Every structure is written in structure tokens, then in C-alpha cells.
Amino acid sequence: MTAIRLRINGAAIADDVPPRLSLADFLRERRNLTGTHLGCEHGVCGACTVLVDDEPARSCLMLAVACDDREVETIEGFAGDSVIAALRRSFHQHHALQCGFCTPAMLITARDLILRDRARSEREIRDGLAGNICRCTGYTNIVTAIAEAAKQIGQEAPNGQ
Amino acid sequence: MKAPAVDYVRPRSLAEAVELLAKAKGEARVIAGGQSLVAMMNLRLASPGLLVDIARLPELAAVRDDSDSVTLGACVTHAAIEDGRVADPSRGLMPRVAATLGYRAIRTRGTIGGSLALSDPAAEWPAVLAALEAEVTLCSPTAQRSLKCTEFTTGIFETKLAAGEIIEGVRIPKLSADARWGYLKLCRKSGEFASALAVVIADRRRSHWRVVLGAANGAPLVLDDTSRLVSAGGGGEMGSAIAADLDRASDRHFDEFQRDLHSVVALRAVQQVLA
């Protein structure tokens, strides 16, 4: 067991974890944050994507011990985040989810694309989503929803921020 | 699946890290971004006794921008290179390559040193750094040594990294202002490992011309005839030069389909330079 301290969705957390425990399992099993989903557990499906120190990361490929002293944001967080709010509205409006398994990570990935100004065209959005697999929608509505949210955010703040 | 049980330690300095590695006598693996290692552990393809986490060592995050080269610390991430947050010796080649490497959520954690240490035959950096004449610096408790990247990777997941050694950084010579490069990666989906990959450097001022194939069933494959023809400014025989180079690489055992992919990718990357 190794002692770790980190912030999850803004709250300071301290725990003892076995080094082999992934960040994903730590979030789901120890913190009950089950919005982070596990599909493939080897970095391909993207369903477990969270933010670590403000950057998207695969929580199945990060050990919880390696997150000592770091900040983690999961889909349960993002309170007051205007980009996630716009994406949620847009996903709802454009029917961009069916079973919902990939949705939390789709939102987190899309937020990162918008903030890095990498959602300027359909091609760019599809490229940016290559690491997030959806088995229901065929992606069309997800891409439309992200393009629409990016447009709204761009109108609110012309610098993409 | 879940990773097997393992011990974990996060040293505070490079010196402490190499000492821990030496003490573990081959039972330890170095972990930086972990984007391949943790996947391999989850699939039970790797089960080290001890993980030595070097991801946050300040020595390995350092970047030195000299007059003729840039030295990137081993733990510089692909995302930092993609975003231009570190000095670029390659006039845009390395940021372009980084943007095609895996997915953003992989690039934010994966490191250039980790990519070299694993030397996946389909990985980008071993081929690109070989084309750029880069040198890798290795550190052990007793010594430091440098190796050319063309010599460092010796085969499929095989390198000259000795037990107890850690990659400290990569020194990459700067391309001249009028140098040209070509890069083409063939994969079915953005971000996947390459099925074929070619890098071309044409730097007349430094008399450096090199065409390198990645995903070549082994270490990055330098195409000598093709490189010579590029140095001569090209010509109608490019296809034959590539064919001759691929004939000579019979130890790679390319099947007909792979051979076609490599030929086409090499030719198109060369055309980017000669255009």
C-alpha cells in the first residue's frame, strides 16, 4: 500500500492504494465516481478519459499512485464549466448519444478539442475523436453536436476561450 | 484485465533512480508516461517486480537549445512537442509527427524517451530521430554514454539500453533554414500505429540526405540508394532505387502487400521533398 494525496473534482483526497490499482479503478471502486467507464483497459477505446492536471488522459493507463499530488477532474466535476454545459445541451439537442457508455469521455475529449481550437471543421473533429470509440451512433450526431457547441462557444468568446 | 501486483517507487533525482534500478537487479522497469507499459501490464504481457517512476524528475524534463542542436529530456511529452512548447530543431517535422502519434489523451502522458526505450517497430520516434541523425544519452550509476539513434534501436522492441541504464535525453541536430523534410504515415485510422511510415530529410547545407522507413519489421530501415538519389535531386529512377533498397532488406521478410505499402509511402514522402 502506498499513501497518496490528490484533488478530485476540487476536493482534497487522501488514501492508501496498492500500486497496481489504475486511476480508473480508484475513481470507480474507491471514490464511487462511476461516470468514468472502462471498455478495453489498454488505451484504445477512450471511454475512461479524464482530466489529469487539466489535460485529457486515459485513466486505465495511469496508476493511482502516479497521481499523487495531481488534480483529477471526472465527468462528475466540471461544475460551472461553460464548455461542458454547452456540450451537454448540444449532445441533448442533436441526439448525440444512445447507450451513453462513451458519452462522459466524449464530452471531456470534445471540451479539450474546443479549448485547443481543434474543432474548426468536421474533418478536424473526426480526427480529434479517433481515440474515442462509440458503438451506437455512427458518430454523425456526435460530430454535429461538437461542431454546434464549438460555434456557440466561439460566438460567446471569439478567442475560443 | 488488471495489472499484476507490483511495487512502486518515485525517486527524487536521476542519480537515485539509476541506483534503485541497479539494486533491483533486473526486476525493475522504468515507468515514465506508462502509455505502453501499463497497457502491457493490464494485458499481463509485462509483470515487473518494481516500477521506478521517473515521470517527474526535473533533469528529464529539461530542454537545452544550443546553436547547432536541441536536447530534449527523456520525459518531454509528445503533446509538448506537438504544441511547440519545447524548442523544435526540425523546422516543423517533429510537431507534425507528434500530432499523428496516438491520441491526444495518450500524447499528454507518453514521452519521447519512453518511445525510444520501447522501440516498438511501428512507433514514430525511432524512425524520425534516426532520420534526423539524433543521439540518445544514456545514464547508469557509473557512466554516461551517447549512441546514435540509428545504432540504438537494434530490432523489434530491441535496443542497446543496458540493464540499469536510463535514457536521459535526445540530442537532435538542427536542420538548416532551407532544409526540406517529408513525412508520411499510413494507418487505417488517425492515431493508430503505422502500417507503413517514411521520413525524408534533405539538408543540402549540412550535406545530409536520408530516407528512413518505420514499421519495417525491425529497426528503422535506412534506404541508402534512395537517399543518394534524393541528394542528386531525384530523377526518373526513384522507383527502382526504392525497389533496390527493399530487395537488399530481405531479412525483413516483407510480404508482397507490405512491400507495396512501403514502396508507395517512401515514394510519396520523397515527392514531398522534391516537389
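**Entry 1: chain A, element by element**

I counted the secondary structure of chain A and got 5 helices and 5 strands. Both kinds are DSSP runs numbered from the N terminus: helices are H or I with at least four residues, strands are E with at least two. Reading from the N terminus, I noted the order β-β-α-β-β-β-α-α-α-α.

A reminder to myself: this is a predicted model, where local features need pLDDT of at least 70 and side-chain atom pairs count only at pLDDT 80 or more, while totals for chains, interfaces and linings use all residues. Residues are numbered from 1 along each chain as its sequence is written, and chains are lettered from A and ligands numbered from 1 in the order in which they are written.

**Entry 2: overall size**

I looked up the span of the C-alpha trace of chain A along its principal axes and found about 45 × 30 × 20 Å. The radius of gyration of chain A is 16 Å, close to the 15 Å from the globule rule for 161 residues, so chain A is as compact as a globular protein of that length. That radius is taken over C-alpha atoms, and the rule is 2.2 Å times the number of residues to the power 0.38.

**Entry 3: two domains**

Chain A splits into domain 1 (2-73) and domain 2 (82-156); the bounds come from an automatic or database domain assignment. I found their C-alpha centres 22 Å apart. Across the boundary, 11 residues of domain 1 of chain A are in contact with 10 residues of domain 2 of chain A (contact: C-beta atoms, placed from the backbone, within 7 Å). Strand S3 (residues 49-52) of chain A gives the most to the domain 1 side, with 3 residues.

**Entry 4: a helix pair**

Next I checked helix H2 (residues 82-93) and helix H5 (residues 140-156) of chain A, which pack at about 135° with axes 9 Å apart. Axes are lines fitted to C-alpha atoms, for helices over the stretch in contact, and angles run from 0 to 180 degrees between N-to-C directions. H2(A) and H5(A) are therefore oblique to each other (under 35 degrees is roughly parallel, over 145 roughly antiparallel, 65 to 115 roughly perpendicular, the rest oblique). From H2(A), A:Val83, A:Ala86, A:Leu87, A:Ser90 and A:Phe91 meet A:Ala145, A:Glu148, A:Ala149, A:Gln152 and A:Ile153 of H5(A).

**Entry 5: chain B against chain A**

Last, I looked at the contact between the chains, which takes 26 residues from chain B and 25 residues from chain A. On the chain B side, strand S1 (7-9), helix H2 (37-42), strand S3 (50-53) and helix H6 (104-107) each supply at least two residues.

Terms used. Two residues are in contact if their C-beta atoms, placed from the backbone, lie within 7 Å.
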